[in-house]
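The stops below are meant to be selected in order.

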Amino acid sequence: MDSIIEKYIDIQQEILSDFAIRWDGEKCKTSFRDDVKKFYGFEKKFGWNIILNSYYVINDTELAKASFNKFGLQGPSRHTDIGERYLRLYGLLNSVYQQKIAMDNLMEVFKLTNYKKLSKELAECNLITLRNKIASHPSNYMDIQTDSEHKFDVYEISRPDLQIDKITLLRNQNHFENFDLVNIIKEFDNKVEDILQLITEKIIKKIFNNQGKHYEEFIKVNLIRDGAIISGDTIITFIKNS
């Protein structure tokens, strides 16, 4: 089953695909990239390349998350292997960081309102913080804590905890920091979903004036995100407790 993130990206990809199918190079006096630029209102023709690359990166990262949700850090292997846990942790975090960059690119190319604020909130998610701290290991992490006695902080991953799928960082051989990987992925995903909802909404409103099949699919994804169950033409919604 596709994630909410994938569902929003699917709508955006379908919009681009429909345009590409309708485009007739023999009749058009301009290039495909010129017409894509006009269709979306991009500032530059390279906007087409940016959104394509961003879609690929975002979907690839969703595959990495799905693998983690299914197999954890150990992976599908039945044999306990601490090296596999390190590889999957590093791979997952670096993939997420690439997704963060892809989101920044989409926000910029579609000129999303409050782009800088949204980008800052995404960068401050605990999952990105964990990635940055682990990426700096074993050298240094420049965003030092107030109680640090050094000009930079050094982080180590607790190997015993990693063997049981727990993420514990030891800062400067003295302070422990714990991260719940499942929950901080959810926090990050919620922020990505918020942004993709805004981008998709802007595209559909600008191009289709909130009408047609893409708008209807967009509304369905929003309902699913809010907990609705959709089967065919039947939509079951639930009242949230205040």
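Residues are numbered from 1 along each chain as its sequence is written, and side-chain values use heavy atoms, with hydrogens and water left out.

**Whole chain**

Colour by pLDDT, the predictor's confidence in each residue, from 0 to 100. The chain average is 88, and 89% of the residues score at least 70. Where pLDDT is low, the predicted coordinates should not be read in detail.

Now switch to a cartoon. The chain has 9 helices and 5 strands; helices (H or I, at least four residues) and strands (E, at least two) are DSSP runs, numbered from the N terminus. Their order from the N terminus is α-α-α-α-α-α-β-α-β-β-α-α-β-β.

Of the 242 residues, 40% are buried, meaning under 20% relative accessible area with a 1.4 Å probe and protein chains only. Among contacts (heavy atoms within 4.5 Å) between residues at least 6 apart in sequence, 59% join residues at least 24 apart.

**The sheet**

Select β1, β2 and β3. They form an open sheet of 3 strands in the order β1-β2-β3, with antiparallel pairing; two strands pair if DSSP finds at least two bridges between them. β1 (155–157) and β3 (175–179) are edge strands with a single partner strand each, so one side of each has no neighbour in the sheet. On average, neighbouring strands here are turned by 30 degrees against each other, direction ignored, with axes taken as lines fitted to C-alpha atoms.

Zoom in on β2 (residues 167–171), which is joined to β3 by 5 bridges. Leu-169 has Glu-177 as its bridge partner, and Leu-170 stands opposite Phe-176. The two strands form a hairpin with 3 residues between them, and Asn-172 in the turn has a positive phi of about 55 degrees.

**Thr-168**

Stay in β2 and select Thr-168. Is Thr-168 buried or exposed? Thr-168 counts as buried because its relative accessibility is 3%. Show its side chain with that of Asn-178: a polar contact of 2.9 Å joins them. Such a contact is a pair of N or O atoms within 3.5 Å; within protein, one must be able to donate a hydrogen and the other to accept it, and residues adjacent in sequence count only if both atoms are side-chain atoms.

Leaving aside residues up to four places away in sequence, Thr-168 also touches residues including Glu-156, Ile-157, Ser-158 and Asp-161.

Note on methods:
This is a predicted model: local features need pLDDT of at least 70, side-chain atom pairs count only at pLDDT 80 or more; totals for chains, interfaces and linings use all residues. Buried means under 20% relative accessible area, exposed over 50%, partly exposed in between (1.4 Å probe, protein chains only). Axes are lines fitted to C-alpha atoms, for helices over the stretch in contact, and angles run from 0 to 180 degrees between N-to-C directions.
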